[in-house]
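Visitor: Could you take me through this model with some care, beginning with the terms you rely on?

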Amino acid sequence: MSTAGRKAADDDAELERLRAEVRDLRARARVYPLISQAQGMLQERYALPDGESAFALMQRASQRYNVKLRTLVGFLVTAPPPDSRERLWFPHRVRRPEPDLTFTSAHRSGSGSRGAVLKAVLSSTLAVVDTDMGNVQLTDRARGGLRIEEHTGLTPDFVDFFAHVGDDGTACARAARDLAQVTVRDVESDPVFSEPARRAILAAGSRACHSVPLTTASGQCVGMVSAHLDRPVRGLTTAQTKALDTVGGEAGRWLVWHDRTVVLDALEHLHALGHAGRGSRFRRS
């Protein structure tokens, strides 16, 4: 390689390093304020001596119940506070059996692992649509909108741009609003996208996409799975749409069960530790 070629390669590598650093900083900025808010709440609630002790409580609950820290924090700052007279945070909670998923056995083998189920939701959707690019988003309890939880085949810039989306400007936002599947046959011309979103999708190599809401039995949208294709499409068949309806409905009901069972178990564990060790110093495991 010539000197000029090596310099160009070094410049490209440095540019990508800087872009990765910026993406990482943006990701941290999205999460850290919420963690700080949760730390302050726990310090006051359990008379903890410092923020490190509050973080240690969250970490222990997160690890024991295999719940992402970001998910746990989102519930912690939005759930009604426990009654200080009660040893249990949710004393009247009714436990429900784990719903079946016909498109995968991940929920059984994963012992309630949300990550395993979301991966199965994504892989099942991509198999139906016949593509290898896609992502799963869940509703953001603290901020509203949707945030990416699982993805495959998409560029880091795409994941960064769509890490959190609001109520308009994207196909997934429309699908969430209308509680209906949305097919974008040609990204380049479809009016559903804002121009920045359109550019970000095209830059990732997506030319068409299909979004499927993950819905509860009561008709609430709790997430979204989207498949991206590298070519414009005419649309999906009735059989494909029906199969994706099944995935969306079953996944939505499972997610509600997980939130009301596994996540609340994690919060109960956190409360038990804080209640028993009120005023104590905790350390990360």
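Guide: A residue is called buried under 20% relative accessible area, exposed over 50% and partly exposed in between, with a 1.4 Å probe and protein chains only. This is a predicted model, in which local features need pLDDT of at least 70 and side-chain atom pairs count only at pLDDT 80 or more, while totals for chains, interfaces and linings use all residues. Residues are numbered from 1 along each chain as its sequence is written, and side-chain values use heavy atoms, with hydrogens and water left out.

Visitor: What share of the residues in the protein chain is buried?
Guide: The chain has nine helices and six strands, these being DSSP runs numbered from the N terminus, with helices (H or I) of at least four residues and strands (E) of at least two. Among its contacts (heavy atoms within 4.5 Å) with a separation of 6 or more, 64% join residues 24 or more positions apart. Of the 285 residues in the chain, the buried share is 47%.

Visitor: How many disulfides does the structure hold?
Guide: A disulfide is a pair of cysteine sulfur atoms within 2.5 Å. Cys209 is in none, since the nearest cysteine sulfur, that of Cys172, is 8.2 Å away. For Cys221, also in no disulfide, the nearest cysteine sulfur is again that of Cys172, at 9.4 Å. The number of disulfides in the structure is zero.

Visitor: Is Cys209 buried or exposed?
Guide: The relative accessibility of Cys221 is 13%, and it therefore counts as buried. For Cys209 the value is 3%, so this residue counts as buried.

Visitor: Which residues lie nearest the centre of the largest cavity?
Guide: On a 1 Å grid over the protein atoms alone, a cavity is a set of points where a 1.4 Å probe fits but cannot get out, a pocket is an open set with protein on both sides within 12 Å along at least five of seven lines, and lining residues have an atom within 4 Å of a point. The largest cavity holds about 120 Å³, a volume being the space filled by probe spheres set on grid points that are joined across faces, edges and corners. Strand 1, helix 7 (171-178), strand 5 (208-215) and strand 6 (221-229) each supply at least two lining residues. Of the 14 residues in the lining, those nearest the centre are Asn135, Phe158, Phe162, Cys172 and His228.

Visitor: How many charged residues are in the lining of the largest pocket?
Guide: The largest pocket contains about 830 Å³ of space, and its lining takes two or more residues from each of helix 1 (3-46), helix 3 (69-78), strand 1 (133-139), strand 2 (146-152), helix 6 (156-161) and helix 9 (238-276). In the classes used, Ala, Val, Leu, Ile, Met, Phe, Trp, Tyr, Cys and Pro are nonpolar, Asp, Glu, Lys and Arg are charged, and the others, Gly among them, are polar. The lining has 17 nonpolar and eight polar residues, and the charged ones number 12.

Visitor: Where does Asp130 lie?
Guide: Most residues other than glycine have a negative phi. Asp130, however, has a positive phi near 65 degrees, and with a relative accessible area of 56% it is exposed. Its place is the loop between helix 5 (114-129) and strand 1.
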